[in-house]
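Hi everyone, thanks for coming. Let me put a protein on the screen, and then I'll walk you through a few spots.

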Amino acid sequence: MRHHRYFDRPPTSATGFGPGAMSRFILVMIVANVCIFVIQRLYPPLTSLLGLTPSRFFAEFPNLLFQPLTYMFLHGSLGHIFFNLFALWMFGTEIEYRWGSRPFARFYFLSGLTGALFCLIGNASQIHPIIGASAAIYGLLVAYWIMFPDRYLYIYFLFPIKVKWAIPGMMLLGFLFSAGNIAHMAHLGGALFGLAWLKLEWHWLSPWYWLAGWRRQRRQAKLDRNRQQAEDVMARVDAILDKINEVGIENISREDRRFLEQASTRLSRKDSPEHR
């Protein structure tokens, strides 16, 4: 099985601009989104089919279960796709290099799916399709905000502002001054998922966590049983040795002799090289 290369920081780009060399998953996402955007322009009905339309999603359930995933690959304008993919590259590259491509891809898609869930709950009667990768991008923004709060972003390439102030400011301005057709519920869902993913403990949801705990308990129980058995054996051996000191070895019972032989054989096995 192949493994993605990990770096503390992404390899430096040739131009020195941006976060560095493009990572694997982000490259795939950029190519996929651009290709689908071109197909949208050539075949407009694709938007209504693959975009997330809450009212239609519920009316035709479960025929459109793909929409909460496919809506992330659609965009409404050149500016829409440019800013989403630019943010994906700028803020996602270093995170992917730190986490690895598979964990990063999982986080990206789960952020987008959570945004879709918020739209379905908050805008269940909406008849217009929701499109765009913005929910996933908002999840990445929150992750970057948590991971690199003291980094500087250069607003308009001129004004340095720390990430811990810049990203919340960008989100607030986007909410206050955006047009009426913006899916704020999707943004909120993606952002809250990013916050929960990085700040909460999720390992207890994994079956491997419970399996590992069960195996630890079984191993410890076995050790406790073996220890108790060894203590019982040694207690009886001590009692037999005390009896030998009192009456002599020729006067102990056949059962005690057999027990001493078995205990001696067991101890010699444990002390042999293959049992060490």
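So, what is the mean pLDDT of the protein? It's 86, and 86% of the residues reach 70 or more; pLDDT is the predictor's confidence in each residue, from 0 to 100. This is a predicted model, where local features need pLDDT of at least 70, side-chain atom pairs count only at pLDDT 80 or more, and totals for chains, interfaces and linings use all residues. Residues are numbered from 1 along each chain as its sequence is written, and side-chain values use heavy atoms, leaving out hydrogens and water.

Now the ends. Residues 1-7 stay under 50 in pLDDT, with 13 contacts (heavy atoms within 4.5 Å) beyond four places in sequence. Residues 272-276 are also below 50, and that stretch has four contacts beyond near neighbours in sequence.

Next stop, G92. You'll find G92 in helix α5, residues 78-99; helices here are DSSP runs of H or I, at least four residues, numbered from the N terminus. Is G92 buried or exposed? Buried, with a relative accessible area of 0%, where buried means under 20% and exposed over 50%, with partly exposed in between, using a 1.4 Å probe and protein chains only. Leaving aside residues up to four places away in sequence, G92 touches I26, A87, F104 and L140. From its C-alpha atom to that of L141 is 8.2 Å, though they sit 49 residues apart along the chain.

That's my quick tour, thanks!

Note on methods: Helix = DSSP H or I, 4+ residues; strand = E, 2+ residues; numbered from the N terminus.
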